[in-house]
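Trainee: I have a sequence and a model open, and I would like to learn how to read the features in it. Please take me through them one by one.

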Amino acid sequence: MSMPSSQPRLIVVAGLVWLGPERLLVQRRGADAAHGAGRLELPGGKVEPGEAPRAALTRELTEEWGPQARLLPISSVAEVLHHLYPPPGPEVLLVVYHVDASAWSRDEAGGERWPALVQVTAGASVHAFDRGRLPLDEFLAADRGFLAELQAGRVLCPWP
């Protein structure tokens, strides 16, 4: 049994952003980020008081990736993760949603469309990886176990 935290439990949302059944978009935090500087992560953030989780993910994607991200369809919940950061860190419930970015996948010439559509915040960057090539050791610790399951094929893209 874990000891109760003096801090409230944070609810955080993240997107498992699928370009296709085997390809994902993730982001890298800026070198000056307060937590996890330079680490890869699933895009998302904290749910504000009174805000619905899906609305929070739409807001966060738009804030982090620009206005085109508002159009990405958010689907079902892929997983709910729990992470307790070392003191004085918070206890976090992370709700991960499937996000359909297949419309960002390829243009008429066969190139990827997403680089022209994403407008990242200063210092951050967005990267596409095939599921089997996710560099797990570069991700935030809270994401690694789930992404290992995804890499092993135990979490699947809900679209063909």
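Mentor: Start with Trp159, which touches Trp18, Pro21, Ser75, His98, Val99 and Asp100, not counting residues up to four places away in sequence. Contact means heavy atoms within 4.5 Å. This is a predicted model, in which local features need pLDDT of at least 70 and side-chain atom pairs count only at pLDDT 80 or more, while totals for chains, interfaces and linings use all residues. Residues are numbered from 1 along each chain as its sequence is written, and side-chain values use heavy atoms, with hydrogens and water left out.

Trainee: Where is Trp159 placed, and is Trp159 buried or partly exposed?

Mentor: Helices (H or I, at least four residues) and strands (E, at least two) are DSSP runs, numbered from the N terminus. Trp159 is in the segment after helix 3. For burial, buried means under 20% relative accessible area, exposed over 50%, and partly exposed in between (1.4 Å probe, protein chains only). Trp159 has a relative accessible area of 24%, so the residue counts as partly exposed.

Trainee: What is the relative accessible area of Ala101, and where does Ala101 lie?

Mentor: The relative accessible area of Ala101 is 0%, so Ala101 is buried. Ala101 lies in the loop between strand 6 (91-100) and helix 2 (114-117). Beyond its neighbours within four places in sequence, Ala101 is in contact with Val17, Trp18, Leu19 and Leu72. Ala101 and Trp159 are 58 residues apart in sequence, and their C-alpha atoms are 11 Å apart in space.

Trainee: What should I look for in a helix, and how many residues does helix 1 have?

Mentor: An α-helix has 3.6 residues a turn, so residues three or four places apart point the same way. The expected span of a helix is 1.5 Å times one less than its number of residues. Helix 1 (residues 53-65) has 13 residues and reaches 18 Å from its first C-alpha to its last, close to the 18 Å expected. Its buried residues are Ala56, Leu57, Glu60, Leu61, Thr62, Glu64 and Trp65. Just after helix 1, Gly66 has a positive phi of about 95°.

Trainee: Which residues touch the most other members of the largest nonpolar core?

Mentor: In soluble globular proteins, nonpolar side chains tend to be buried together. A nonpolar core is a set of buried Ala, Val, Leu, Ile, Met, Phe, Trp, Tyr and Cys residues joined through side-chain atoms within 4.5 Å. The largest core here has 22 residues, and Leu25, Trp65, Trp104 and Trp114 touch the most other members. Helix 1 gives the most to this core, with four residues. Another core lies apart from this one and has 20 residues, among them Leu42, Leu94, Leu134 and Val155.

Trainee: How many residues line the largest pocket?

Mentor: A pocket is found on a 1 Å grid over the protein atoms alone, as an open set of points where a 1.4 Å probe fits, with protein on both sides within 12 Å along at least five of seven lines; lining residues have an atom within 4 Å of a point. The largest pocket is lined by 31 residues, of which Arg29, His35, Glu41, Gly45 and Leu140 lie nearest its centre. Strand 1 supplies the largest share of the lining, four residues.
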